[in-house]
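User: I am new to reading protein models. Could you take me through some features, one at a time?

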Amino acid sequence: NVKPDTIEVVNYGAGSYTAMAASDDGTKLVGVKYNQGLYTSSDAGKYWKQYAVTQFVTRPWWTVASAPTGQHLIASYYGPSSNVAISNDFGTTWTWRTVNSSITAIRHTAMSADGKTMIVVGAENQVTIAVVYISTDYGVTWVRKNLSGFDIFSVACSADATIIYAAAAGTLHVSTNMGATFTKKDVYTNSLFTASRDGNTL
């Protein structure tokens, strides 16, 4: 039942799926598989297509985010890496973007509902400097926000990306001005999370 140039994901090959995202209607899916690359489905997971993104297909893919329509996508693999793979056409084509060459690990990604604002969290100088990078032009250029001293592992945002949450173990950093400033809150967090469209619920 597999269509030409697609791969049925069930029981396919070695490795494990580390992240997945979906459009609001659940029909468009994107997943990343450790050491296997990127996969997309446009029929609620019945058929899947694998994308060999240049020479990086065998890297440890770790995180992916999708806009509600499924048109805009961002993915990255677990360090050492300063790159993200971005698609603005429902995963048909992918473009490599360097966020900043000083990043040694990208841990998590998020984006606004329109896909224009993209956010990554990671570390510089191995893990000693935690950073948030924000793009407001579909991932073309990035602005750095320093959260030094905190091991940031997760990020989420409201639909308009005005409210941004960046989490470390035992600490939550909250921005209500699209990342211009962050306020530290002592909240126990140890896992990935997402935010409601208005940003008021995690």
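User: How many helices and strands does the chain have?

Analyst: This is a predicted model. The chain contains 16 strands and zero helices.

User: Is Asn 83 buried or exposed?

Analyst: Burial is read from relative accessible area, and under 20% means buried. Asn 83 has 15% relative accessibility, so Asn 83 counts as buried. In the chain of 202 residues, buried residues make up 50%.

User: What joins the side chains of Asn 83 and Thr 98?

Analyst: A polar contact pairs N or O atoms within 3.5 Å. Here the side chains of Asn 83 and Thr 98 are joined by a polar contact of 2.9 Å.

User: Which residues does Thr 98 touch, not counting residues up to four places away in sequence?

Analyst: A contact means heavy atoms within 4.5 Å. On that count Thr 98 touches Ser 82, Asn 83 and Trp 142. With neighbours within four places in sequence left aside, Asn 83 has contacts that include Ser 76, Tyr 77, Trp 96 and Ile 106.

User: What separates the C-alpha atoms of Thr 98 and Ala 85?

Analyst: These two residues are 13 apart along the chain, and their C-alpha atoms are separated by 9.0 Å.

Note on methods. Residues are numbered from 1 along each chain as its sequence is written. This is a predicted model: local features need pLDDT of at least 70, side-chain atom pairs count only at pLDDT 80 or more; totals for chains, interfaces and linings use all residues. Side-chain values use heavy atoms; hydrogens and water are left out. Buried means under 20% relative accessible area, exposed over 50%, partly exposed in between (1.4 Å probe, protein chains only). A polar contact is a pair of N or O atoms within 3.5 Å; within protein, one must be able to donate a hydrogen and the other to accept it, and residues adjacent in sequence count only if both atoms are side-chain atoms. Helices (H or I, at least four residues) and strands (E, at least two) are DSSP runs, numbered from the N terminus.
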